[in-house]
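I opened this entry to keep track of what I looked up in the model.

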Amino acid sequence: MTTATPPKAQATDVAAQISFAMRTMGVAPIPRNYELFYEAYIGSNPALTRELAALGSKATQDELDAIGEQYFGSHQGRAIENAHTKLIGELEGLLRVLQQEQSSLESYNKLLGETYSRINSKSSSSADILRSAITILTEATGNTMAHGESTVSQVSQKSQEMDQVRKELDEYKRIANTDSLTRIANRRAFDEKLSAVYANDSHTFSALVLADIDNFKKVNDAYGHPVGDKILATVANVIRANVRKDCFVARTGGEEFAIIIDGNTAEEVQQICERVRIALETTPFKNSKTGVNYGPVTISLGYCMANDAEDAGELYARSDIALYCAKNTGRNRTRLYEDGMKKDFTKSWLIYKR
């Protein structure tokens, strides 16, 4: 656990430090670059952090994009920008189609008016008027119907293309909200999910669990970051496998994880936490080739019920205090926040700000 400043100051400090680092390296302040520096700052991907630092003060945009491609697959910032441009193009095309349809209907309406005037006129014989009107209306109606069918086809095509863009954007968001190492939700997704806990009155039986791998730094120091990364991925899998599918699980930083549980009492949340803790404690961490044993790997958990906090910030702070108490009283245990618990420092839950 690292010390941090109070909630509001923390959010500001993170944004300021990231911006300062980008200015120092002469990096353009665009979303996809901020994404890289944010991931480096929270330490969720040590290899990315090292490669970014290795660029020094003369990082080019191509070099930054190459790192983004390597660690994020296709860089979501640039992909979303491209999808946005495509969507604008599709909307402009649809607008042109509808404007053409409006122009066609206006012309048809004008023709109907002129024909009505001719039929209503007494200057020509009734037979001539009717023959002329039938010919004009038949031809105009046929053309208008054909144009209408063409418009329907074009609108349908544009709708399908826009739906495809929507699906692409949904996929980009999924990628942007997924931790690249553990394949569970990342800090960005956690911030969004936690902020929604108090959006309605159904949070009475909601809980925030914060978990932290015990003595993880010693593992990294002893066996190196590649082993540490594998342990992080395994821990994420163990947590995910021992909670309900509808529970939200995220990696919120280095060796820290969060679980948002809905629909359970404090006692039931305690049981869920203990199931996760015991499952991890009994999971073997060995190198199958060398036989080296990296374990045991344990985890400490702290949680607070949503109805015991006023808002998301307080819920995070109290869960963090409970986690701190679990660490401070021997680790490898679960603690529920109780009145009177104290901690020398607090952390902000909302650190992803642009």
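**Strand pairing around E1**

I checked E1 against E3 and found an antiparallel pairing over 7 bridges. Two strands count as paired if DSSP finds at least two bridges between them. Helices (H or I, at least four residues) and strands (E, at least two) are DSSP runs, numbered from the N terminus. In this pairing Ala211 stands opposite Phe257 of E3. I then looked at E4, which also pairs with E1 in the antiparallel sense, over 7 bridges. There Ile213 sits opposite Ile299.

**Ground rules**

This is a predicted model: local features need pLDDT of at least 70, side-chain atom pairs count only at pLDDT 80 or more, and totals for chains, interfaces and linings use all residues. Residues are numbered from 1 along each chain as its sequence is written, and side-chain values use heavy atoms, with hydrogens and water left out.

**Cover on E1**

I asked how many of the residues of E1 are buried. The count is 8 of 8; buried means under 20% relative accessible area, exposed over 50%, partly exposed in between (1.4 Å probe, protein chains only). One side carries Ser206, Leu208, Leu210 and Asp212, the other Ala207, Val209, Ala211 and Ile213, and all are buried.

I listed the contacts (heavy atoms within 4.5 Å) of Val235. Beyond neighbours within four places in sequence, Val235 touches Ile213, Phe257, Leu280, Phe285, Val297 and Ile299.

**Thr182**

I located Thr182 in the loop between H6 (126-176) and H7 (187-195). Thr182 is buried, at 4% relative accessible area. Its side chain makes a polar contact of 2.7 Å with that of Asp179. The cut-off is a pair of N or O atoms within 3.5 Å; within protein, one must be able to donate a hydrogen and the other to accept it, and residues adjacent in sequence count only if both atoms are side-chain atoms. Outside four places in sequence, Thr182 contacts Leu232, Ala233, Ala236 and Arg251.

**Confidence**

I checked pLDDT, the predictor's confidence in each residue from 0 to 100. The chain averages 77, and 62% of the residues score at least 70. Values stay under 50 over residues 1-12 and over residues 349-354. Where pLDDT is low, the predicted coordinates should not be read in detail.
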